[in-house]
Amino acid sequence: MERTLANFVRALRMADVRVSTAETLDAFRAAEMIGWTDRQRFKDALGAVLSKSADEHAAFDACFDQFFHFDDFESGGVTQPLTDEHNDDAPEAAHGTQPSGDAAAPGEGESESQGGGGGNNRDDNGDATEAAASANPPVPTSSRSEAVSDPASPLGRMLMADDRTALSMAISRAARDNQLENIKVFTQQGLYTRRIMDDMGRAELVDEITTLESSSTAPDQRLAGELRQRHDRLRAQIRDHVESQFLLHADAQGERLREDMLRTARLANVSRRNDPLMRRAIERMARQLVAAHSRKRRVTKRGRLDVPRMIRKNMRHDAHMVELAWQSKRIDKPKVFAICDVSGSVALYARFMLMFLYSLKDVLPQVRAFAFCSDLAEVTDLFKQHDLDEAIRRTLAEHGQGSSDYGHALADFERLALSDIDRRTTVLILGDARNNEGNPRTDLLRKIFERSRRVIWLNPEPRVSWDTGDSVMGRYRAHCHQTKECGSLVQLERIVSDLLRAVT
């Protein structure tokens, strides 16, 4: 049971339901108190412990229904979900039908028969039943008047006995032994199907079928035909089981693997068809940063005394320590000015940086954005008036035409916003510093450097490309607090995290 519940928690995490270690322990205690015999009570108890919001509750319901779903080994491939009602046949049903994979049936003793987690993903309606029946037609049984030999292999005896309970338990056990819950990609389904069949005794069964087919006696020939049909039906059942496991675990896990790949890939190499995944990756990274840095200031009444402030407060009492003063940490949320080169060579990077910064509005409420190729303009109002995607689209459309002129852009920034910069301001400049042989106006960057808390230049090009061709990165670097390579999401995340850590 413990392994089953642990795999269910893992499936929830794959479905973007945040489950902490403490909540997992609470789920174990809830399962121990409620028991596994009543599906609805068991589901309600886990839902109360593991889901914290409406979205998470919806994801929990879908994941629970798919994970704790019974696969009954029947000729038509019909699945039977766990029932909510108790009756005289309930114990027999609980042991006679097993949840696919590691999903344990409510009741004691089922954990020994569980596999890798997950359930059959069919809908319980007429269309699904008809489709399953057409895909797996019932196996014709031999007439009583026709003699059939007795099978010799263990799997053959199980198939001929039509012991559905034993077959379901054997499939679940083999799936568990082969760690089916670790399936990651679609192409592994055939591999896991073959492994499960091999663990159940496929090789011995195939050898027996081959021997019977070469026999000259009619009973052996009839047994060979029966075993081959039942073997094919078993393989289809296992294939469905593996597919349902893949849909439960690997689909989300494969998407997570693709997101991880996109986080480390150079943004210039990411195609537009990956935009939805990139957006989700940015939102997930932003949520993690918000959770790590959105601490609020608390006025404490205990802890460490603030001696200098306490002495000042008690001067009116002739230095008698009547009023105590406690230390409290002030969280000073920074002002961020983002200056983005949106010319053709850098526009994609600017798009993702603006998306990232404005996804952090909970911890960076004071972001002002500026875009330029040659002329620089403030685009902060676009992000207030439109949603994030539309604001970025308009920014690139209105200001992304032409060649870069950093000197002219810095002069425009001096006119528009230099007076608003103070010691709480961090200036992020995103650009490749390729000035097309223009005047770089490093004197204006020096003014920004002297007035601000930090100037961070983010260059999407590899460092080996800096100061090559028309790049003036070396001249700008002398007037920045930090210069960073920023060609991927993971690099951008690290830079923003360092920025937040410096002020919280």
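Okay, let's start with a pair of strands: S7, residues 454-459, runs parallel to S8, and 4 bridges join the two. If you want a spot to look at, find Ile456, which stands opposite Gln482 in S8. Before I go on, keep in mind that this is a predicted model.

So where do those two strands sit? They belong to an open sheet of 6 strands, in the order S5-S4-S3-S6-S7-S8, and the pairing is mixed. The edges are S5, at 376-378, and S8, at 482-485; each has a single partner strand, so one side of each is left without a neighbour in the sheet. From one strand to the next, the twist averages 20°.

Now, what packs on that sheet?

Searching the whole structure turns up 12 aromatic pairs. One of them is Phe372 with Tyr406, edge-to-face, at 5.2 Å centre to centre and 80° between the planes. Phe372 is in strand S4 while Tyr406 is in helix H17, residues 406-417, so this pair ties together parts that are 34 residues apart in sequence. And are these two buried or exposed? Both Phe372 and Tyr406 are buried.

Over to another aromatic group: Phe8, Phe42, Phe60 and Phe64 make up one cluster. Two of those names come back when we look at Lys43, which lies in helix H3, residues 39-50. Setting aside neighbours within four places in sequence, Lys43 is in contact with Phe60, Asp61, Phe64 and Asp65. Why do I call this lysine buried? Its relative accessibility is 14%, and the cut-off for buried is under 20%.

Last stop, a helix pair. H7, residues 154-161, packs against H10, residues 202-213, at about 80°, with the axes 7 Å apart. That angle makes H7 roughly perpendicular to H10. Who meets whom there? From H7 you've got Pro154, Leu155, Gly156 and Leu159, and they meet Arg202, Glu204 and Leu205 in H10. Sort the residues of that contact and you get 4 nonpolar, 1 polar and 2 charged.

That's my tour, thanks.

Key:
Residues numbered from 1 in each chain as written. Predicted model: local features only at pLDDT ≥ 70, side-chain atom pairs only at ≥ 80, totals over all residues. Heavy atoms only, no water. Pairing = 2+ DSSP bridges. Axes fitted to C-alpha atoms, helices over the stretch in contact; angles between N-to-C directions. Buried < 20%, exposed > 50% of the residue type's maximum accessible area, 1.4 Å probe, protein only. Contact = heavy atoms within 4.5 Å. Parallel < 35°, antiparallel > 145°, perpendicular 65-115°, else oblique. Nonpolar A, V, L, I, M, F, W, Y, C, P; charged D, E, K, R; others polar. Phe/Tyr/Trp six-rings, centres within 6.5 Å; stacked < 30°, edge-to-face > 60°.
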